[in-house]
Amino acid sequence: MRFQTTASPHVAPNSEVGRLMRQVLLALVPGTAAAIWFFGWGVLINILLAVGAGLLAEALMLAVRGRPLGPFLSDGSVIVTAWLLAVCLPPLAPWWLPVVGIVFAVVVAKHLYGGLGYNLFNPAMVGYVVLLISFPREMTQWMLPHGVAAASLSLPEALGVVFTGQLPPGMGWDALSGATPLNAYKTETGQGHLLSAIQQSPTFGMLGGAGWEWLALGWLAGGLWMIWRGVISWRIPLTMLGAFGLLALGFHLYDPERFASPLFHLFSGGAMLGAFFIATDPVSGSTTQRGQLIFGAGIGVLEYFIRTFAGYPDGVAFAVLLMNIAAPLIDHYTPARVFGREAGRS
Amino acid sequence: MNEHTLHRFPGGLHPEQHKSESNGTPIQVARVAGTLVLPLKQHIGAAARPVVAVGERVLRNQALAKADGFVSAPIHAPTSGIIVAIKEHPVPHPSGLSAPCVVLEPDGRDEAMQVFEPWPNYAAIAPILLRERVREAGVVGLGGAVFPSAVKLAGTPGTPIHTVVLNGAECEPYITCDDRLMRERAEEVLRGGQIIMHVVAAHKCLVGVEDNKPEAIAALRKAAATLDDPRIEIVAIPTIYPSGAEKQLIHVLTGERISRETRSTERGFLGHNVATAAAVYRAVVHGEPLTRRIVTLTGSGMQHKGNWEVPLGMLACDLIAQAGGYTPDVARLILGGPMMGFALGSDEVPVTKAANCLLALAAPDAPVDPLPLPCIRCGRCAEGCPVELQPQQLLWDAKAGDFERAEKQDSLFECIECGICAAVCPSHIPLVHYFRYAKTEIWQREREKDKAAQARERFEARNARIEREKREREEMLAKKRAQLAAQKAEGETASAAADEKQKAIQDALERAKARKAAQQSSADGARPANTAGNAADQ
């Protein structure tokens, strides 16, 4: 009798890129839900716009590059990229902002480098940084969280703002938007105000920024779930948050009126999202186990210094991209130790 | 039993076990059916040299082929019959190639001969003779590696063996031949261990068995109690693939980390599969050569699952037919386990010393090669790798053709091809396949380099020879010229003597001429036939 032959191992694979990506999307749900609760429908509109445009750009690039559409579109990687970019953008941003960001991310950062698995830089963060540098005004107009803002918008009203730029009659931007806690912290400490006074403002909450801290808790919950499910390893999140938190602690102890506490830093801005969802992108990060420790710690250190001493209020995107550059070098210098080699040498 | 401290190797995998399908029934003895095809190379090393002629009748246990070289093993007849051919026949090989085989047509009488003297009292026999016996009996590693056991017993010169490790881990899913062997013939296994200890003068024997085989462990412990040998310790080890890889098993049992480039014997460990130990016992104590082995028939494509003691050379199709055949939806036939075994293109290949399992998978269980997605560098392969390699990096090396880096920096040759990396890869990349390709490519290049080096050597030797001959000729000519010159110079002074000599020669020639003329006249016409004959002779 004749049989078809295949290469070993002859077992059904126990994981799949598509399933991994779907698990990441699932882990994004708690943080995203918190974001929609505190910052309104704009968050959801951003996600839908980015995912739609991302899928279109992906399909177009696959067609141009002569790659099969089915397996690559269904792997879900572009949805993850789009979702991550979208939750970093100001809600109620004009519709073209997420579109331009994701198209740049997919076309330039992903496919011009060779598509899935070949991109040197985290596509979502490339898209974010391109938007931040090109459209600083749109990118810094952040909403005040629910409970702090004087008004909120219904879904049709939000859609109107996104697509026409017109607020509902009688409503001003002042009622909706304001400085983010990190922004407030940065500008006011820059003016020499004391932290204890700054934190009296209603934009500050128990841990970090009001509302923001709930988003951070949501990302944290999703991240811990991913570690538990084996979707990501603990190495990068732990070393990133660890290095970031330790630096913040050191500076905070040195001058508590000028440098915010590690808790504030961890639960504001993009620290949690970055640690669990962005720095853990396997393609653009370090892949050796020891390398991941260095990679994560490097992002944590850079993030803290950018936040504290550079011009931008938050530094996750720049920190991740800078460490993306370093990843191949880190991998090169942290090669496999190989079972038995160390004893063999002694 | 005292508690044994166990160690954990890096990585590993918990694949679905599928052991219970085949380990519930006793080993059945397969009766000889069909023609037996015995490949001359069923082991690592040089193929055996046939010592029987086509048409010859042989008896069970008779040697059909002798070991050819140190790393080689003989082949014996599993039953009596006629040698009908010594020819190329398809053998179990991933590429389905053919190799020289002795073809034996059984006569059904199964007449045996005693080829070796049984040595029940082996302790009185010199280790070197026991080693020779193991070699003559054709015993090779029955765990699947089929390395000639006698070579391993010879150890590494200057490094004494302190511990014999008997490998009963059987970590591959589906396979249960060692499980059944340990349950049913525990004493043979342990006695084999004792013989091996005697041969290499070891003072300890650790038997490692995965804890998913409690019956085997109990049977071994019972046998150990009967033997009452304090040197033997039965150790239950955690079930995790690949605990049955030799270096990994030694690590689990002792904490020693031995890389692939170091032989275990260099560190005082000698590893043998439990089935090999039992074969050593049969060869020494009963004087039986290795002519049968236990094969697990299992999988969703197999009608009846179980273990069979099979005469070597029996065709897989004959064995499977005897065991009840395939299910109608059988789609894949694998020799060995699902992790490291290879798919057979045909079942018309013989059962060899390496065949521990025939795994038939029905269509729903037979994975087809999926379209691999690009590597996303998630590192699952590296986390699972039991030798701490970076398979994702090796993949890049192999794809880029950077074999130098694969070998030197990324330690390609440490890979034991356990298959975990490919099994956990979310992009479904056949990683092991790439690594085999890279290894073959490196071997090929080395061979070419060797060839080129040889050619260069030959060319240089030829040039040197031509140069030397030229020099010698010139030297000779120069010598001759010098001689002639010297003679010329001497000539004048010696010419008187030469004239005298010349005259003597002239005289002699004339005498000879006269004699010849006289002879010619007397023989003329007397013997013409003879002359013609002489002419014809010339």
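Two strands pair if DSSP finds at least two bridges between them. Helices (H or I, at least four residues) and strands (E, at least two) are DSSP runs, numbered from the N terminus.

This is a predicted model, in which local features need pLDDT of at least 70, side-chain atom pairs count only at pLDDT 80 or more, and totals for chains, interfaces and linings use all residues. Residues are numbered from 1 along each chain as its sequence is written, while chains are lettered from A and ligands numbered from 1 in the order in which they are written.

**The sheet in chain B**

Four strands of chain B form an open sheet with parallel pairing, in the order E11-E10-E9-E12. E11(B) and E12(B) are the edge strands, each pairing on one side only. Neighbouring strands are turned by 25° against each other on average, direction ignored. Angles run from 0 to 180 degrees between N-to-C directions; axes are lines fitted to C-alpha atoms, for helices over the stretch in contact.

Five bridges join E9(B) and E12(B) in the parallel sense. Val165(B) faces Gly271(B) of E12(B) there.

Contact means that the C-beta atoms of two residues, placed from the backbone, lie within 7 Å.

| Helix | Residues | Strands touched or crossed | Angle |
|---|---|---|---|
| H4(B) | 186–200 | E9, E10, E11 and E12 of chain B | about 150° with E9(B) |

**Chain B as a whole**

Chain B has 14 helices and 17 strands. Its C-alpha atoms fill a box of roughly 110 × 60 × 50 Å along the principal axes.

Of the 538 residues, 48% are buried. A residue is buried if 20 or more other C-beta atoms lie within 10 Å of its own, exposed if 12 or fewer, and partly exposed in between, with C-beta atoms placed from the backbone. Helix H3(B), residues 177–184, is mostly covered, with six of its eight residues buried. Among them are Cys177(B), Arg180(B) and Met182(B).

**Where the chains touch**

The contact takes 38 residues from chain A and 59 residues from chain B. On the chain A side, helices H1 (17–39) and H18 (341–345) give two or more residues each. H18(A) supplies the largest share, three residues.
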